[in-house]
2 protein chains.
Amino acid sequence: MVKRYLRVTSLDTVHDILHKEFACTPSVEQVQLEDAAGRITAAPVFARYSVPEIHLAAMDGIAVNSEDTAGAGEQRPVTLPHAVRVNTGNIVPPAYDAVIMIEDVWIDGDRFTIRKSAAPWQHVRPAGEDIAESEMVLPSRHRIRPHELGALAAYGITEIDVLAVQVGLIPTGSELVAHGQLPAPGQVVESNTVMAAAMLSELGATCTRYPMVKDDPALIRDTVQRAVAANDIVIISAGSSAGTRDFTADVIAELGEVLVHGISIKPGKPAIIGRVAGKPVIGMPGYPLSALTVVREIAAPLLSRYGLPIPEPETIEAQITSTIHKEIGTDEFVLCALGRVGDRWVVSPQSRGAGVQMSAVRANAYLNVPANMEGYEAGECVPVRRMVGQREAEQALLITGSHDPVIDYLSDIMSRKGIDLHSTHAGSMGGILALKKDECHAAPMHLLAPDGSYNTEYLKKFLPGEDLILLCVAGRQQGVVSRDGITFGELPTHTFINRQKGSGTRMLLDFELKKVGIDPPCIHGYEREVTTHLAVALAVKSGEAEAGMCVYSAARALGLSFVAVAQERYELAIRKKYLKDTRVAALCDTIASPDFKEILGRLGGYDTKETGVWHVLP
Amino acid sequence: MVKRYLRVTSLDTVHDILHKEFACTPSVEQVQLEDAAGRITAAPVFARYSVPEIHLAAMDGIAVNSEDTAGAGEQRPVTLPHAVRVNTGNIVPPAYDAVIMIEDVWIDGDRFTIRKSAAPWQHVRPAGEDIAESEMVLPSRHRIRPHELGALAAYGITEIDVLAVQVGLIPTGSELVAHGQLPAPGQVVESNTVMAAAMLSELGATCTRYPMVKDDPALIRDTVQRAVAANDIVIISAGSSAGTRDFTADVIAELGEVLVHGISIKPGKPAIIGRVAGKPVIGMPGYPLSALTVVREIAAPLLSRYGLPIPEPETIEAQITSTIHKEIGTDEFVLCALGRVGDRWVVSPQSRGAGVQMSAVRANAYLNVPANMEGYEAGECVPVRRMVGQREAEQALLITGSHDPVIDYLSDIMSRKGIDLHSTHAGSMGGILALKKDECHAAPMHLLAPDGSYNTEYLKKFLPGEDLILLCVAGRQQGVVSRDGITFGELPTHTFINRQKGSGTRMLLDFELKKVGIDPPCIHGYEREVTTHLAVALAVKSGEAEAGMCVYSAARALGLSFVAVAQERYELAIRKKYLKDTRVAALCDTIASPDFKEILGRLGGYDTKETGVWHVLP
């Protein structure tokens, strides 16, 4: 009843099609030397002249004819009437074949006396020592490194022919606004071509972003025609799906042919590979992470066919912290936080939502779960592709558990110390589980026991006998967030937005409801769950719910009313063996620092009396 | 009798001094989003609004109130009068809480019928799913990755405060000419500030190169004053030594103070650390590799003190192929070619001459031989710092032995295949030794036995019983190179330039001399050695010698006369076990390719009849 993909094509087949169907001849562009770093040589580069062109003094001293110095010795000084004074880099005149260091010369007017003979060619930089005229400096297809610009300048090279793969990027969609403009409800900031242009430029492509085009086949067609004429590759952003306003495939079919519509990758399925005037035209889906995946898995390998050397990601084996299930037949790409915990690598999948760009911001690695698999089980060792260098990955600090906005501020301070804090919002009980499986460095939690104490009872129950320690981040206020001051007792008469099961806030809510005798089913919306304090506040701000429970800082960040319900103890549980780890030690120092207390004071709703206080489990 | 360094300072002490003496407060600069990739955030970046701001459809379909769908089933269709058609990304209107995929809807005009109930919030992207208003997107001191520009655009961020460390670079020296200008004898192209600017810019600094200044203390002083006023760090190129025209230290002392003059590093000893108006002023020595070392070991770590995250080089253990001796007390840095041979890493030191910039072009790694050591012995395992990624290092192909200009052309073709050919010019016998120690992938050689055969006799003698194979690169002509057609018989009456002992060319010369009964001591210059064919030709062209022996292509490259003496067999010896290695296989394929034969033909002096022919040792 609606048009659908007739069939999807596997990623391997897409690469084969790109290989077979396109010649991929790169353009060549001449750039000035100063602009050449990072560019790829189109042809070998040769030295224009020898360096040095003639013999030069390698030391400050005198140029001599070595034969004249024969026989000189401590007891037999020789005076050299024909020697000449030279500084380092000066020409050694013809007929001279050695330089004597000035320290070894006794000077009296223009008379030079020595007490040691000189070997032929000593302290002389011979012509061509560095390079000979016509010698090859760089081969083709070489990514020019910054320090090589010095050599190129010295060898007389001022312009360099480099590969120039021209990529035209066309944003389409009537809902788009340019970044910098505040999107009205239903409008979206055009960000995918910004991302694609930045990614492809870094790989050496020359990108042109065309003006945004509305969902009008004629306008899109016109722009695609212009872009194909001016570029080697054209990428059309959005409109690649099969909805009522998706025109990308039709436009490509009209101007050329659609080779592939629908690729068995996730995210990124509604992608298109087409050909117009012999050139590849890619339909890039509109979801940001779908677009990212198409750029990384399809456009980047295509660039390599034009000669741009695309670095393959480095792969390491890591233990996965949660299970990923997926359909057989689809290559799924999952963004992750990767870190070294103890003596092994651990990888935590991020949200798999194709619209959650923050997954890409937070990720330092990604997984490819291959088409022929149903997924990975938690605890398995799986191959992970690093998005950062080895050292940067080793600086990753993995925090799993209860979320609080101050974790972001901790991350800010840690970043100044060169440590990359990755926080997985799994709720307090999720933190306990991660700690039990030894999959994180620290687990933030606020778990209220029936006796009114926090955290220790849960650690004793779920991790008995383990060597753990608690570090207090802060006492913090939880309360009812609303637009107009709803109190805890008034909750049954308003729509509510809840936190997920296993979160400390959910447990606190249940505890407090029980205390005042309210039965959870009485609260409309009790079953609607989100996973962070800010998400609760936002649901209230947007009108989806009238009330929720969160920390003061989240309510305040969105300008909402907050009625305190309880103060709780927000602590980090840490295995003692990690206290000596430099990353964990830096985290603990940060929490105990005056800077951090000052931030807690500024955010509000935190009691810092116990901040930085250790609590050793009995 | 001349001024010298009073004392040199160790590299560690220099870092301590930089740490103690300078506050290193970075400047902050606002850049447009599109220019932000690679820059370092000066402060945390927050989302300006939530994304999405309101609930959106995650699928093409209909928006419904989930309560209205209760009870629908295969046998019990439900018609929904109030549903509305939505495409992916459209607003889910208030009072609707779910989306049903269009595939699951039977449409009749504006009547929508379903056969399955909808769960609340299914296929809805809730407000804030990606990010909530006010949430932290990036922490401080974060290097912005290209793909993050998409998220930043989507979250309403158009300008970003980034760190801006301003570095002023002042080239000094009366002998300097700008690159692009042909240097007259004794002139030098100013290349060190080009290199330093490119290297420091890549690390995130904002570099300004000042116009070249002659060796005049007043002019230098004036430029330093202007540069200090406008920059955070000033680097004065050259004049940092203690020669008669070295004014850098005096100028710094006059304007501020010299903290360090002379650092115990090699290359780079004549470096200066000074302070003018509270800012660090570095005197960078004039030899290109000294300058490079000072930029990498002193200026780059200094940038990190301003908050720019400077990636530390990754270190691996490799077996060193030649012995390095050095003075105790000096940190020596040696550029190297690193590659994986069999199951271990092998590292070959390059020329240690501070003027040989090609060492830096050819290097993919470097060693730091620490101050407290006398050096490394050949065969030791030593820590090596990689200058390229792990994968690129794994693609390095190590060739050690006799030099021929065609090796550069092989390197060019290999580079197009993504393989990084590193050639160490060790002469034919050096190649045999490297092969014996299993330190290279292939060894080019042309060793003439008394019976007139090539190579096999030497392999049998020096590598008895080893599983080797020879691949013919070409038959090639060796002959006498001169300006005016000197013949072999005329050699005793002219000055000569020789090749090093152990090179095949030297052995051929000796063989041919013996044949015609010329005694080597009769040849003036027989003891003067250089290591490549082009260096021989250049010595002839520059007038240093009247004749030498080299291959035709080298004579032709410099426009010299060539009188053929003999044709020899230039072959690659390879251990059979490496024939399956993809790098070696690609090399062999290349040699057998028509493209390569065409290049040999173009260069001239090569006989390609046997090119690509295998020679299995009996």
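User: How far apart do the C-alpha centres of domain 1 and domain 2 of chain A lie?

Analyst: They lie 69 Å apart in this predicted model. Domain 1 of chain A takes in 11-26 + 163-305, and domain 2 takes in 56-125. The assignment also lists domain 3 (315-388) and domain 4 (425-616).

User: How do you know what confidence chain A has?

Analyst: Look at pLDDT, which runs from 0 to 100. Chain A averages 93, and 99% of its residues score at least 70. For the model there's also an ipTM of 0.91 and a pTM of 0.89.

User: How do you know which residues of chain A are in contact with chain B?

Analyst: The test is whether the C-beta atoms of two residues lie within 7 Å. By that test, 93 residues of chain A are in contact with 92 residues of chain B. On the chain A side they split into 41 nonpolar, 31 polar and 21 charged residues.

User: Why can we say that the copies meet through the same surface?

Analyst: Compare the two lists of interface residues. 98% of those in chain A are also interface residues in chain B, so the copies use the same surface to meet.

User: What makes β6 and β7 of chain A edge strands?

Analyst: Start with the order of the open sheet, which is β6-β4-β7 with antiparallel pairing. β6 (84-86) and β7 (98-101) each have a single partner strand, so one side of each has no neighbour in the sheet. From one strand to the next, the twist averages 40 degrees.

User: How do you know that β4 and β6 of chain A pair?

Analyst: Pairing takes at least two bridges between the strands. β4 (residues 61-64) and β6(A) have three bridges, in the antiparallel sense, so they pass. Within this pair, Gly61(A) stands opposite Val86(A).

User: What forms the hairpin of β8 and β9 in chain B?

Analyst: Two strands with two residues between them. β8 (residues 105-108) and β9 (residues 111-114) of chain B run antiparallel and are joined by four bridges. One of the bridge pairs is Trp106(B) with Thr113(B). In the turn, Gly109(B) has a positive phi of about 60 degrees.

User: What is phi for Ala238(A), and what makes the value stand out?

Analyst: Its phi is near 75 degrees, a positive value in a residue other than glycine. Most residues other than glycine have a negative phi. You'll find Ala238(A) in the loop between β16 (233-237) and α5 (248-255) of chain A.

User: Which peptide bonds are called cis, and what is omega there?

Analyst: Among them is the bond from Lys266(A) to Pro267(A), with omega near -5 degrees. Pro267(A) sits in the loop between β18 (265-266) and β19 (272-276). In chain B, a cis bond joins Val51(B) and Pro52(B), with omega about -15 degrees. Pro52(B) is in the loop between β2 (45-46) and β3 (56-57) of chain B. Most peptide bonds are trans.

How values were computed: Residues numbered from 1 in each chain as written. Chains lettered and ligands numbered in written order. Predicted model: local features only at pLDDT ≥ 70, side-chain atom pairs only at ≥ 80, totals over all residues. Domains from an automatic or database assignment. pLDDT = per-residue confidence, 0-100. Nonpolar A, V, L, I, M, F, W, Y, C, P; charged D, E, K, R; others polar. Axes fitted to C-alpha atoms, helices over the stretch in contact; angles between N-to-C directions.
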